[in-house]
Structures are given as structure tokens and as C-alpha cells.
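Please consult the sequence and the structure shown here while reading.

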Amino acid sequence: MRKTRRALIIWSASVLLALGLILGFLYWGVNRIPSLDEQFPVNQAPMSIMIHAPEHGSQWPADAFIPVRVTISHRYKLDTLELWVDGRRISSAALDGGKAPYSAHVFRWMPVVNGSHRLFVRARDGEGNLAQSHTLAVTATDPSGFGVVPADSRPADGVRRVEILPEEVRKRLNDSNAPQTSSPPTSLSAVPELEAPGDVSLWLSRKFSVEEELPQPPELQVSSADCDVDLTLTDRGGTELGYFIYRSQPGSDSFVRIAALGPLAAGEQLTYRDQDQKGPLIYYAASFNTRGESPGAPVLVNFADANCQHLSINQGIEWSEGALSIAETVDLAYVYYAFNGGGFKRFPEDPDQFLIPSEFTVSVDEIADQLVDRSPVSVYEIDLVLWGWEAGSLVNLGSWYSRVERSDLTICNLGTGCTGDAASQFRSTYGEIGAGGEDRLREFYWSTNAPGTTEVLWQVSSEPFPENHLLDPPGLIAAGCAKGGKSGAFRVDFGDLSVYDPHALPCGGVQFQDQEAPSFSLAGLPRIRTTYYARFTPLAGNQPAGPPSNVVEIRVKLAEEVFEPVIEDHLPDIYEVEILEFSEIKRADPEYWGCVSILELDYDRIWQDFRDTFPPAIYDQQITDMASDLYDQLLYAMDNNLLICPTDYDAPEESILEQWAGMLEEGLNKFWDTVTGAFNALKDGIVEAAAAVINELGIPCDAACKAGLKAGLEIGMTYFTGIPPTLPDFDQLADQGIDYAIELAVAEAGIPCPEACRDALRSELEEIVENVVDQHDQPACGNAKWAHALGKNTFCFPDGVDTEPVPEGLSNPALARVRVTRTGDGPPPPFSYHGSPSYVLDMRVWGTNTNLIGQTIPYSYSYWGGEPYKENFTISVNPGELQGLVFKAESIPLPAMDPGESITIPVTFQWTSYAIPGHLMKLASELEKRGIELSDVGGLGGRRGANFDWRCLYEGGRLEIKAEVSCLSVPPGLVGSSTPTEDSTLVPCGAADGPIIHQETHAPCYP
């Protein structure tokens, strides 16, 4: 009996213990089940879409056919691509599968209606997956039309203006853009909500039963009252488990998920109210099931009430160059501002202080940026209300609201261990590392308020980053992913950048294939690259959640190193170098800027572009009228040898000249720089196509081979993509550049590559070059900022208008062609050792200018000084003889060549940073005295522009161009006699060509 009782107690205790363990496990498991957002993270489709053009915030005439250039990275074959603008689908393109893993497309869209427009792109693949890009905003101004002028006269002699946008069409579209004030539907059901976040049944369903197809996208209707938005969803039948609602606010680069709503019965409706908003806003709803999300059509919401609008312009406020500015009729002004919906504060703070007319040139956008910079707390929303005195009366000038999305990056200048308050002063936006030191590990600190951020993509490049969302920029050498939503840190070892994968998307879970990091990078050689550039982009899934951060410069301090064993300072001459050509910078004639000749017309394509850009409310007959009118005008110009030129922009004469002088060299490659962007976006596709051909030839080309092809192409294209297609011998230069890129790619891949292999690479590269040239035959089709600096309006023709730029209106960079011939005997050693090239072509252009001795150059600077609002100062410099590198020194890797072989390389030069020594010393002294930094006054040059000192060196000076080949030295100094070591260095191995003396013929720089 006692045994039985004991057994019963033990058995009961065991049951209770087991039950407790089961309940504890279930409790623990339920709490460990991912939340709804974790189960359905945003932007997880196996695709990523990037919009390369137009630029975010750019300004365009309402009648310009703006090219929207897109690249798509994708795992599966593509089905369709759609352009959406202001909640309306503008155009849809069938891509017929695309070219995996990267495809490209160009839409053309005419804004028609003045004001701000927001656009994004969606793509669907053959598996039903759907992805969408980041959003961007552009501003449309009054139509500019285009000008017609006889080819034998100058545009300044008079331009016959041609309009292509009928006023009645614009009026009808303006009326259709009126704010939505309709009432929401009646008799709506209550809003059922999911049991999630952490819904067990949903989690189990996704684990054990995944739907075969995505659900039907929901139908979304919107209405607004006061500053509230009612969003009504209608079920369209299907297998959805619930709905997500997404919103994009003014100033935002992305859509943010704002709500999760429960499932509906077929045909049932529900309404979600989004309160206290400011428009215009874009919403869309997505249904989801265990397979994933299915987004519906987006909807644009405007508000009739000015208090609910992003921008309310009263008298005294106007748009200028895409920014909000105070009109000159205002005598004094001040601002009330509020952050994050808090209380308003006055600026300037002292009620007796005001902004004065000389400060009105600073846009309201810049004032907002400065206020945000000074804020001790993170700012994600800003409201501005502007007041001013006009003709003795106090008037409300207007109000402005924007979502603030900013990302900040700083570097630790102490190597590792830069933490704590005491070390925070060593964090800055530039860093220094020693070329031979042991402190090349640097810590970066990042922060962002971009909504929906899940991680950040950090990148290090050997070239300055472009000012856009491009995730695969030129010169990219290292990248990584840092998890987090608001802030964090990451470390980069600049002593060995080859360990980092420079692939465009290491974050967000979008990896389409195994990627091996290239083993060779020019940036690994401090003697070649002395500056690195770092930034990060906040990501929501695999798409940007906001704009990229500021760029941090990392400067390499070159140090003398003693090599053991002793290295020869010159090897036997086994190479011959010949500079075939050098051409200086060619400046455009401002009068001919943007002018083109008509080569060919296709009426059907013109008609289709008009049809795509207008809503169905514009009938086909009206489309035909507009397309026919444009076609007839251009046909007449083509038949009668007339030039088509941009119309004049009414701007103050001094601003035209000042901006043109300051932006000349900076903008030299603006016409052609998208070649680099197109190549970088599509290079993986090029490599995949070439590798497929190589494998078909029976030559194994695995991941390492592909990485080598990619690395070689990246380096080779660097020295080709700056060549403008307007040069008379462009075709020859392009062929030479492609030859060089192919040879370098083959050498880096380390595989035999017969003619069929080279033909595959050539075919892909020629296709990109031809495609980009065709898209860039209209130099006036660009951001209005550049056009207005020349007193011109920008203009873009539709697809179907084939043009040729007028050479007088184009700028070209400095260009050289160099032929290198192998003269030595014996087979060449491998292409590279220990990540360093075996052979390098060194080019240097040195300038000397004595024309400014005895002159005085004044520089004007201004900065935000608190009280008063802006402070100014001037320094003067008396320069002596100016000398220095005029262009960045080029060290160009060479493929291994057999005796007698030669290669011709076209090289475009980039102007280098240069400062007159007395200028820097006096400026540093003045900055220290005022307790400010160089960044506070906007960089070097003041009102004369950042490159003014460089122009002083270049213009009127004497140039010396020199070229020679260097080889990796090996004891006892004979190439190929033994294997180079990590201590080997590049030393001359052939007689130098030059220096060739070139005298600039432009007038010297003077005060």
C-alpha cells in the first residue's frame, strides 16, 4: 500500500512536471513567435529596382519628355515593368524575360501639370513576385517649348519658339488634379484586426502550408476631410489572410507600412482612418497570404485645406531652381519653425532681428536644413511659417512642411577603441590613415531617421559617390551590411579591403548567386589611390529607405618604407610607350549649348509616347493632334537643315556667368557620366553572358572566374567611360577602350579566352555603349540647374526623335591616347601578384603658371554666425608661381603581353583639387580666429567656386605630359626571373615618352 501511494505521488509529480514543462514551452514558444512585421518584412521579393534618372528634386519644363532610366536586378525572368506617377500608372513595358541577373529600361514621361510630382517603378517577374523602387520627386515648371534657328546663324540671332502643349489640355489636367474632397462610402463594417503581432495560427500556416499563388490585390478608395484620410478597402476574393496599408509622405523616399488589417469576406469593405496628415500623400494597400504580398494600385491624396498641405504659397514666396525663396519685394522676413509636431519657435530668436534682403538668396529649404543641423534632438518632421514686411505691411508669406530624412556618417580617427565622450571629439567627416602603419582599422558611426530602416548598406569607393541612390556606383571596392534601424557602428580594415565583397546588395537578403570578391583592386595600392570615399544608404529590405548619407573622405598619408631585399630602381627596358594624342579641355559655346540637328523621325513612336503620358480623359484624337504638330515641325526642320535649340531662360546676367564659371569643369562629364552608371548596373549581366559562352567552349568559368572578369571589366571601363560620343573619332576610341577592357578582364580571370570568348564580351559591351549613346543624343535633356546657369531652358524630345548634338555646344574633358608595346623577350609573368598588377602605365600632367605673380585675388566667404543671421569676411592672396598636378595622376594596369604585342588605351583626365598655398594659410588663420571650420563656409573658393584656384593653375599655364611603364621589381631586378614578393614595388621598365609641352591658349585667371 505504501509502495502504491509512493508510486502514485511520483506519477502525479511527473505528470505535473511534464505538464508544467509543456505549458512553459508553449508559453516560451508563443512569445518567441515572430511578430507580423517580422513574418512579412518589407521588400523581400527576389528583385531590386533602381531609378538612375531623373535626379531627385530636379526641375523640368512641363512639356519635356523626361527619360526615366531604370535597372532591375532579378533572379527570375521578368514579365512587366510599370511607371507610376502621382498614383497613376503612366506606362507599362513587357520585358520578355530581361537579361538576368540585371535588366534595364527607359520610360519617357511628360509632367504636363506644373508643380511637384512623385514617381516610382514596379516590376513583376514570371513567378508572380512584385517589387517596387524608392520614390523620387521632380518639379514641373511652365512649358518651355523649343527653338528653331537656321544652321548658318547663331542661336543668339533669334530663335523661333515652338509650343507643343495645347492650353486646353493643360487646363483639363489641372482641373483633374484638384484636391479630393469626396465623402467616404456609407454602411461600412467595423475594422476587424488580426490576432497578430505574434499570431500563432498565421505562423503555423506559413510553416506547414504555403499558398501556391499570391492573393488578389485589394481595391482601394480614398477620401479626405479636414486633415484626415479615409482609406476604404474592398475584398476582391481570394486567399488573403489580411491587408497592409502603406503611405509615402512629402519629402520621403519610401513607402512605410502604417497598418495591418484583418481579412474580409468576399465583396466586404472596411475603412482605415489616417489622422492629422499633410499632403500630397500616396497610399497603397497590399493583401497577403502565406505566399507573400500582392500590392494594389497606389492612390494620390491632396487636401483642399491649406493647413493640410505640404506647401502653401502666399504672396512673397516663389519657386526658383526647384527651391522655395522669398521674393525681392519683401523688406524684412522671419520664420516660425516647429520640429516633430512640437511648439513653434521664432528665427531669428530675437524679436528685434529679421532676415534682410541680402539673405533672401538663401532658400527656405536651406534655412530648414540649417535649423535641423542645429537641433539637439533628432528631427523627422519640420513645419515652417514665414512672415515678412512688404510695403510697410506685415504679411503671411506662406507655410512649408516636410518629412526630414537624413543619414549621418562619421569616422573615428583613432583607429580601434574610439568610444566614450573623451574620444568623441576625434570623430569627424574625414579620416587619415598611414599607408604603412598598423592603424588602418577604422570605426564608423552611423545614424538615420529614414522610416522603416532595417539595416544599412555601407560602401567604400575609390571614386567620389554620385548624388543619387545608385547602389552600385563606379569605383566601388568594399561594402558591407550593418543591422539596425536608427544607429550603429561598423569597422573597416583599410589595410586589406579585398576581404570585403563589393557586390551591390550584401544586405536585404537579395543574393542571386554566389559572389566571390575580386582579388585585385586598384584601391589596394596607396601609391595609386590616396583617397577613399565612404557612405551608407539606409535600406528597408532590399530597397533604399531614404537618401544616402554624407560622404566621408579617408586620406592615405604616404609614408616612406624600406624594402628588404633592396629593390632595383629601374628594370631593363622591355616596354615602349608613345603618346599618340593629347587634347585639352574643350569648352562649350554657351549660345549653342543644347542645340541639335534632326536625323530621323518615327511618327508611331512619337504618338505612343504622347499616349502613354496622358490619362484616358485625353482622347486619341487630341493625342494625334499633338503628335502630328510636333512631327510636322521637326520634319520641316530636318528637311530645311534647321537647328533645334533650347529657348531662353530669363535670369540675372551675373548669375549666369558666375554659375557657368564655377560649374564648368564639374559639369564636363554630365552629358556622358551615365555610361558609367549603366555599365555598373549591368556588369553582372555582362559577366554572366560571357561566362555562359566560355563554358560552352569547354573552358570552366566558375565563381572565381566570374569575379575576375568582373574586376577586370570594372577597371578597364574606368578608363573608357569618360569619352564623349561627340568626338569625331569616338568610334575608334570606343573600339580601343573596349579592346583594353576585354584584355584586362581576361587577364584578371586567369583563363584562356579564344576569339569566341572575346566576341561574347565585345558584343555585350558594344550593346551598352550603343544603347547609352542613343539615349544621350539630347544634351539639353537634363536638370534645369545646368541649363539655367547658361540662360537656357531644358527640353527633352519623345522616343522616335533621333538627334545629333551640335559640336559647338558641347564640352569635352582632356583626353589622351597612349600606345604601349612589349619589346622584351621571353613570356610575360602573370597579370598580378599579391593583389598588385605586374605592369602599370603611369601618366602625369604637370602645370606651371607664372602669369599671376604680383596680382591680388580677393575671396569672399559667408557663414551662419547666429546673430546676425549671416556673417561675411574677405581674404586676399598675392600668389607667386603656381605649379602642381593639373589632372589626377593615372596608374593604369596593363594586361600581360607577348613580345611584339601592343595595346592602345584612351584615357580621359579628371581635374584634381588644387589650392593656392597662400589662400589655404590665410583661410585657415581666419577660420581659427572665428572658431569655425572649412565646412561652415561651404568649402574652398567662396563665391568664386570650389575649382577657382585650379582654373588659375590651368588657364594660361604650361602643361607637361609624361607617360612611362612600371613593372613589379623582383630580385635581382629581371622581370620573370623569380617570383615577386609582398615587398616588391613598381619601378620603371621602359623609356618614358615626354614630357610633351602643351601651352594653354585661354586667357589667364585674374582677379
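Does Cys 967 count as buried or exposed? With a relative accessibility of 0%, Cys 967 counts as buried, where buried means under 20% relative accessible area, exposed over 50%, and partly exposed in between (1.4 Å probe, protein chains only).

The model is predicted: local features need pLDDT of at least 70, side-chain atom pairs count only at pLDDT 80 or more, and totals for chains, interfaces and linings use all residues. Residues are numbered from 1 along each chain as its sequence is written, and side-chain values use heavy atoms, with hydrogens and water left out.

**Disulfides**

A disulfide is a covalent bond between the sulfur atoms of two cysteines. Here the term is applied to a pair of cysteine sulfur atoms within 2.5 Å. Six disulfides are found when the whole structure is searched. Among them are the pairs tabulated below.

| Pair | S to S distance |
|---|---|
| Cys 753 and Cys 757 | 1.8 Å |
| Cys 781 and Cys 796 | 2.1 Å |
| Cys 967 and Cys 989 | 2.0 Å |

The link of Cys 753 and Cys 757 is left-handed, with -90° about the S-S bond. Both Cys 753 and Cys 757 are buried.

For Cys 781 and Cys 796, the torsion about the S-S bond is about 100°, and the disulfide is therefore right-handed. Cys 781 is located in the loop between helix 13 (755–775) and helix 14 (784–789), while Cys 796 is located in the loop between helix 14 and strand 40 (801–805), so this pair ties together parts that are 15 residues apart in sequence. Helices (H or I, at least four residues) and strands (E, at least two) are DSSP runs, numbered from the N terminus. Cys 781 counts as buried because its relative accessibility is 18%. Cys 796 is also buried, with a relative accessible area of 0%.

The disulfide of Cys 967 and Cys 989 is right-handed, because the torsion about its S-S bond is about 65°. Cys 967 belongs to strand 50 (residues 958–968) and Cys 989 to the loop between strand 51 (986–988) and strand 52 (990–991), so the pair ties together parts that are 22 residues apart in sequence. Cys 989 has a relative accessible area of 0% and is therefore buried.

Cys 412 counts as buried at 0% relative accessibility, whereas Cys 481, at 33%, counts as partly exposed.

**Negative surface patch**

Glu 167, Glu 168, Asp 625, Asp 629 and Asp 632 form a patch of negative charge on the surface. Patches are made of residues with over 30% relative accessible area and no salt bridge, like charges being joined within 9 Å; a salt bridge is a side-chain nitrogen of Lys or Arg within 4 Å of a carboxyl oxygen of Asp or Glu. The elements that contribute two or more residues to the patch are helix 3 (167–176) and helix 8 (620–639). Helix 8 supplies the largest share, three residues. Asp 632 lies in helix 8, and this residue counts as partly exposed because its relative accessibility is 49%.

**A residue of strand 16**

Leu 270 is part of strand 16 (residues 269–274). Leu 270 is buried, with a relative accessible area of 0%. Leu 270 and Thr 234 are separated by 36 residues in sequence and by 6.9 Å in space, C-alpha to C-alpha.

Technical notes:
Patch = residues over 30% accessible without salt bridge, like charges linked within 9 Å, V, L, I, M, F, W, Y side chains within 5 Å. Areas by Shrake-Rupley, 256 points an atom, 1.4 Å probe, with all protein chains shown as cover. Lys, Arg positive; Asp, Glu negative; His and termini not counted. Charge placed at Lys NZ, Arg CZ, Asp CG, Glu CD.
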